Amino acid sequence: MASTTEAASHAPTASEYIVHHLGHLTNQHQEKMVDFSIINMDTIFWSIFVGIIGCLLMYRAARHATSGVPGRFQAFVEMLVELVEDQSKSIVHGKRDFIAPLALTVFVWVALMNSLDFLPVDLFSSIFRLFGIDIHHRVVPTADLNGALGMSLGVLALVLYYNVKIKGLGGWVHELFAAPFGIWLAPFNLLLNFIEYIARTVSLGMRLWGNMYAGELVFLLIALLGSTATVFGFFGHVVAGSIWAIFHILIVFLQAFIFMMLTLIYIGQAHEGH
């Protein structure tokens, strides 16, 4: 009885449980709100890991593609490729030799990273405890603001590249100063275009991060239901977890689709002049 009481006294509170699960495995303790020397190693690891998985899946689909009756996996990949190709064709008016595969890569990569949210929230912490390790570890890279904004910065780099490639450096610089109000309002045009680039980049990353972060919080709150030693707590944990997981499937793939579509839209805008 004494050991049970002692274990209960050392059990984390609800707030401590959530804070622990929202912590990252970093290279050093973060003291400031903004510190670019901090590296979230769990975000980097899982981003690369699911990226490799996505490449292997697409490679397998291409390697085993047949002109005969396709299997289920090949049929699914063909539907996905056709969907992305149709969207890129309707949005980007120009050469799409690189853009369509890029959009497919973005969708598959973001969808796989989002899907990591379906893993049990206590899975890796339980595994670490078996080896006597107590560390912070988060699995979903897109639920980390650094990961989501990092991807949106990659999209910004692509947009700037296509602006220069399509319009030329001089043409793009002229557009920054001349559009949309004419060259006589060059300072206002430059400020407006600068704000537009920043706003699109921030909103692209924040939208993905906000939805995945909120979904992760809901899973943590549902996990707390299962910590209550009552039949109602266990039943509520199973039912609520199952319902939210089913609904979260829509969020996972919808956010991947939105991120891909906005990437195509921004790149498509780079192909067009004001």
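Visitor: Which helices each supply at least two residues of the lining of the second largest cavity?

Guide: This is a predicted model, in which local features need pLDDT of at least 70 and side-chain atom pairs pLDDT 80 or more, while totals for chains, interfaces and linings use all residues. Residues are numbered from 1 along each chain as its sequence is written, and side-chain values use heavy atoms, without hydrogens and water. A cavity is a set of points on a 1 Å grid over the protein atoms alone where a 1.4 Å probe fits but cannot get out; lining residues have an atom within 4 Å of a point. Helices are DSSP runs (H or I, at least four residues), numbered from the N terminus. Here, α7 (145–178) and α8 each supply at least two residues of that lining. Among the lining residues are Ser 152, Tyr 197, Arg 200 and Tyr 266.

Visitor: How much space lies in the second largest cavity, and how much in the largest?

Guide: A volume is the space filled by probe spheres set on the points, which are joined across faces, edges and corners. The second largest cavity holds about 60 Å³, and the largest about 220 Å³.

Visitor: Which residues lie nearest the centre of the largest cavity?

Guide: They are His 21, Val 121, His 137, Val 139 and Glu 216, out of 17 lining residues. Helices α2 (14–21), α6 (123–130) and α8 (186–225) each supply at least two residues of this lining.

Visitor: Which helices do the buried residues of α3 pack against?

Guide: Buried means under 20% relative accessible area (1.4 Å probe, protein chains only). The buried residues of α3, including Trp 46 and Val 50, pack against α4 (72–91), α5 (99–115), α6 and α7.

How values were computed: On a 1 Å grid over the protein atoms alone, a cavity is a set of points where a 1.4 Å probe fits but cannot get out, and a pocket is an open set with protein on both sides within 12 Å along at least five of seven lines; lining residues have an atom within 4 Å of a point. Buried means under 20% relative accessible area, exposed over 50%, partly exposed in between (1.4 Å probe, protein chains only). Contact means heavy atoms within 4.5 Å.
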